[in-house]
Amino acid sequence: MHDADISRRAMLRLAMACTVAGTAALALGCAEGGQQAADDSGQAGTAGQSDGASEAVDSAASPASASAPTKDLVQSALDSLTLQQKVAQMFFVRPESLVTDVDTVIQAGDATFAGMQQIPVGGILLFAKNIIDPDQTRALLSGYGNYSQQLCGLPPFLGVDEEGGTVLRVADNDAFGVSDVGDMCDIGATDDPSAAQQVGDYLASYLVPLGFNVDFAPDADVYDASYNSIMQYRSFGSDPRMVSQMVCAEMVGLEQGGLLCGPKHFPGHGAVDGDSHEGEVVCNKTLEQLQSVDLIPFQAAIDADAPFVMVGHINCPQVSDDGLPASLSPTLVSGLLRQQMAYKGIIITDSMGMGAVDGVYGSAEAAVLAIEAGIDVLLTTPDLPSAYQGVLQAIDAGRIDESRIDESVRRILDAKINRLSQAAGN
């Protein structure tokens, strides 16, 4: 990497560290000051911008064991938020969810600011169509960061799916001048965890300077050739212990490079029939069978203090009789992942727009079911206003208690106040 690139990364990390260090103080005035900030800066802060068509590995530390001062900062930030702001933090959305009548968002302008005033979401996930060139991408992500700080005193999660190989948003765009790290099956074939760490290092080396702070990688699924081939190239391989080593090594590279990561797709997408993008997928393994293979990499990632774990829309009828996909199942989310496997970080769904969920449930009911199951963050719900209002209505009706919301938002705030500053300082 050139000296100029290193200098740029150092400056960006310093800026992120300063931003996150001031989060708690800013958050203290969030409930009262957020609206005033919006009123005072809504036009001046977006001068010259318009949405319109142009928007066309073993660790002893964990968020749960944070120091008392950090816990105090998290609690202070939580206390400063209104119920509406807390619920909004649980949504990680596409840029287009914040605006109306815009197919492709490529800049954060007045319409985006107005959308974030209505629902100050916790995170934004960019796709290839939102990512044109380095300057545009940095400006877009910076805009989201500035708006989030103005509206509720918190940095947003700024995410991307950049695995390598078949799942790329940046490296397949010639404007960025970076290389594809390749399919993870080839990395796994080296049987060398340092190769996986180098993948994480390299991904962070070009994503962090653009402004991203979350990459939903690595893929922790154990590939089984007797089932469909959807994970054939994305998985490190069919040996769960080798996959575990690779997952944890890539996590080190990503986090040392300044990114929070999200191993996926719990409880394992390697031995299922079907594609959850299209419709229902089923894993007929028993809990014992999952524990002997598929859950091993996820437990390794949990033991290595993964910031996020992404839950897939996988129905497991031999484990749970509720008939729900894992992402909506209390048995799988709260019972297995949170309690039995002792995961203390942020549990996030796979995209709520996938056919396995969106084709069966409405956005509002799916969001409520996910939160009831124990999910902390809902990823790319297809109808954000409906899902957001659906959760608020469920709270008002007594179906969801506000204390349940606080549990999730406390984890989100801990990651933003504690984990993001750690990542920025690496």
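The side chains of aspartate 135 and arginine 138 meet in a salt bridge, with an N to O distance of 2.9 Å; a salt bridge is here a side-chain nitrogen of Lys or Arg within 4 Å of a carboxyl oxygen of Asp or Glu. The two residues are three apart in helix H7 (residues 134–152), so about one helical turn separates aspartate 135 from arginine 138. Aspartate 135 counts as exposed because its relative accessibility is 56%; the classes are buried (under 20% relative accessible area), exposed (over 50%) and partly exposed in between, with a 1.4 Å probe and protein chains only.

The structure is a predicted model, in which local features need pLDDT of at least 70, side-chain atom pairs count only at pLDDT 80 or more, and totals for chains, interfaces and linings use all residues. Residues are numbered from 1 along each chain as its sequence is written, and side-chain values use heavy atoms, with hydrogens and water left out.

The protein has 17 helices and ten strands; helices (H or I, at least four residues) and strands (E, at least two) are DSSP runs, numbered from the N terminus. Of its 426 residues, 59% count as buried.

The salt-bridge rule gives a count of 15. One of these joins the side chains of lysine 86 and aspartate 406 at 2.7 Å, N to O. Lysine 86 belongs to helix H5 (residues 83–89) and aspartate 406 to helix H17 (residues 402–425), so this pair ties together parts that are 320 residues apart in sequence. Both lysine 86 and aspartate 406 are buried. A further salt bridge, at 3.3 Å from N to O, is formed by the side chains of aspartate 161 and lysine 264. Aspartate 161 lies in the loop between strand E3 (157–160) and helix H8 (184–189), and lysine 264 in the loop between strand E5 (260–261) and strand E6 (281–282), so the pair ties together parts that are 103 residues apart in sequence. Aspartate 161 and lysine 264 are buried. These two residues also belong to a network of salt bridges that links Asp161, Glu163, Arg169, Asp219, Arg234 and Lys264.

The count of disulfides is zero, a disulfide being a pair of cysteine sulfur atoms within 2.5 Å. For cysteine 283, which is in no disulfide, the nearest cysteine sulfur is that of cysteine 316, 4.9 Å away. Cysteine 283 is buried, with a relative accessible area of 1%, whereas cysteine 185 is partly exposed at 21%.

Helix H12 (residues 295–303) is mostly covered, with seven of its nine residues buried. These are Leu295, Ile296, Pro297, Phe298, Ala300, Ala301 and Ile302. Their cover includes helix H10 (240–256), helix H11 (287–292), strand E7 (308–311) and helix H13 (330–340). Just after H12, aspartate 305 takes a positive phi of about 70°.

Histidine 313 lies in the loop between E7 and strand E8 (314–315) and counts as buried, at 1% relative accessibility. A polar atom of its side chain is 2.7 Å from the backbone oxygen of serine 351. The backbone oxygen of aspartate 350 lies 3.4 Å from a polar atom of the histidine 313 side chain.

Isoleucine 347 is found in strand E9 (residues 346–349) and is buried, with a relative accessible area of 0%. Beyond residues up to four places away in sequence, isoleucine 347 touches Val309, Val311, Val333, Leu337, Arg338, Gly374, Ile375, Asp376 and Val377, where contact means heavy atoms within 4.5 Å. Isoleucine 347 and leucine 337 are ten residues apart in sequence and 8.7 Å apart in space, C-alpha to C-alpha.

In the largest nonpolar core, which has 129 residues, Phe91, Tyr144, Phe157 and Phe212 touch the most other members. A nonpolar core is a set of buried Ala, Val, Leu, Ile, Met, Phe, Trp, Tyr and Cys residues joined through side-chain atoms within 4.5 Å. When neighbours within four places in sequence are left aside, phenylalanine 91 is in contact with Val121, Gly122, Gly123, Leu378, Thr381, Leu384, Ala387, Tyr388 and Val391.

Notes. A polar contact is a pair of N or O atoms within 3.5 Å; within protein, one must be able to donate a hydrogen and the other to accept it, and residues adjacent in sequence count only if both atoms are side-chain atoms.
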